Amino acid sequence: MTPFRIEMKVRDYELDMQGIVNNGVYFNYLEHARHEFLLEKNVDFAALAEQGIHLVVIRSELDYKASLKSGDHFVVEVKVERLSKVKFGFRQRVIRLSDEKVCVEGLVTGTALNERGRPYLSPELESLFEE
């Protein structure tokens with residue numbers, strides 16, 4: 001499966017005292033890319049919440065490989081995979097465009113909870129695994 005890709009640019013306020021992107025900012029990049037991926041796949045995060053179905057992150061694993069700096073252009077890749085009956089994983093990478101260097105690799109594990117707080121994958125979510 002070809003990964004979903006979204007291009008972004010580092011903003012100055014995302015830097016730490018060393019002049020590189022703060023490690024916590026990468027979580028924001030990955031989250032934004034996941035939301036855009038879901039929208040492209042016709043899974044509306046907000047509409048699901050209105051129906052009482054809440055997508056939740058239950059684990060995040062990130063490996064930092066290289067640093068992004070102010071003004072760097074990069075892409076965030078997203079691939080989804082089924083991990084169990086009620087868990088799914090987003091394999092993600094942050095890639096600096098100037099040299100195609102992988103800066104971060106991650107696996108974000110999630111599930112969905114129904115209105116009773118029980119794990120539940122809606123038909124929209126199930127459709128992500130049919131490709």
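## Strand β1

In this predicted model, the side chains of β1 (residues 4–9) alternate. Phe4, Ile6 and Met8 point to one face and are buried.

Strand β1 pairs with β3 (residues 73–82) in the antiparallel sense, over six bridges.

## Aromatic pairs

The count of aromatic pairs comes to six. One of them joins Phe37 and Phe90, edge-to-face, at 6.2 Å centre to centre with 85° between the planes. Phe37 belongs to helix α1 and Phe90 to strand β4, so this pair ties together parts that are 53 residues apart in sequence. Both residues, Phe37 and Phe90, are buried.

Phe88 and Phe90 also form an edge-to-face pair, because their ring centres are 5.6 Å apart and their planes lie at 85°. Phe88 counts as buried at 5% relative accessibility, and Phe90 is buried with a relative accessible area of 5%. Phe4, Phe37, Phe88 and Phe90 form one aromatic cluster. The charged end of Arg34 sits over the ring of Phe90, 5.9 Å from its centre.

## Largest pocket

The largest pocket holds about 160 Å³ of space. Its lining has 14 residues, and Arg34, Phe45, Leu55, Val57 and Phe90 lie nearest the centre. By class, nine lining residues are nonpolar, three polar and two charged.

Helix α1 (25–40) and strands β2 (54–64), β4 (88–96) and β5 (101–113) each supply at least two lining residues. The most come from α1, with four residues.

Methods
Residues are numbered from 1 along each chain as its sequence is written. This is a predicted model: local features need pLDDT of at least 70, side-chain atom pairs count only at pLDDT 80 or more; totals for chains, interfaces and linings use all residues. Side-chain values use heavy atoms; hydrogens and water are left out. Buried means under 20% relative accessible area, exposed over 50%, partly exposed in between (1.4 Å probe, protein chains only). Two strands pair if DSSP finds at least two bridges between them. On a 1 Å grid over the protein atoms alone, a cavity is a set of points where a 1.4 Å probe fits but cannot get out, and a pocket is an open set with protein on both sides within 12 Å along at least five of seven lines; lining residues have an atom within 4 Å of a point. Grid points are joined across faces, edges and corners, and a volume is the space filled by probe spheres set on the points. Ala, Val, Leu, Ile, Met, Phe, Trp, Tyr, Cys and Pro count as nonpolar, Asp, Glu, Lys and Arg as charged, and the others, Gly among them, as polar. Rings of Phe, Tyr and Trp (its six-membered ring) pair if their centres lie within 6.5 Å; planes under 30 degrees apart count as stacked, over 60 as edge-to-face and the rest as tilted. A charge sits over a ring if NZ of Lys or CZ of Arg is within 6 Å of the ring centre and within 35 degrees of the ring normal.
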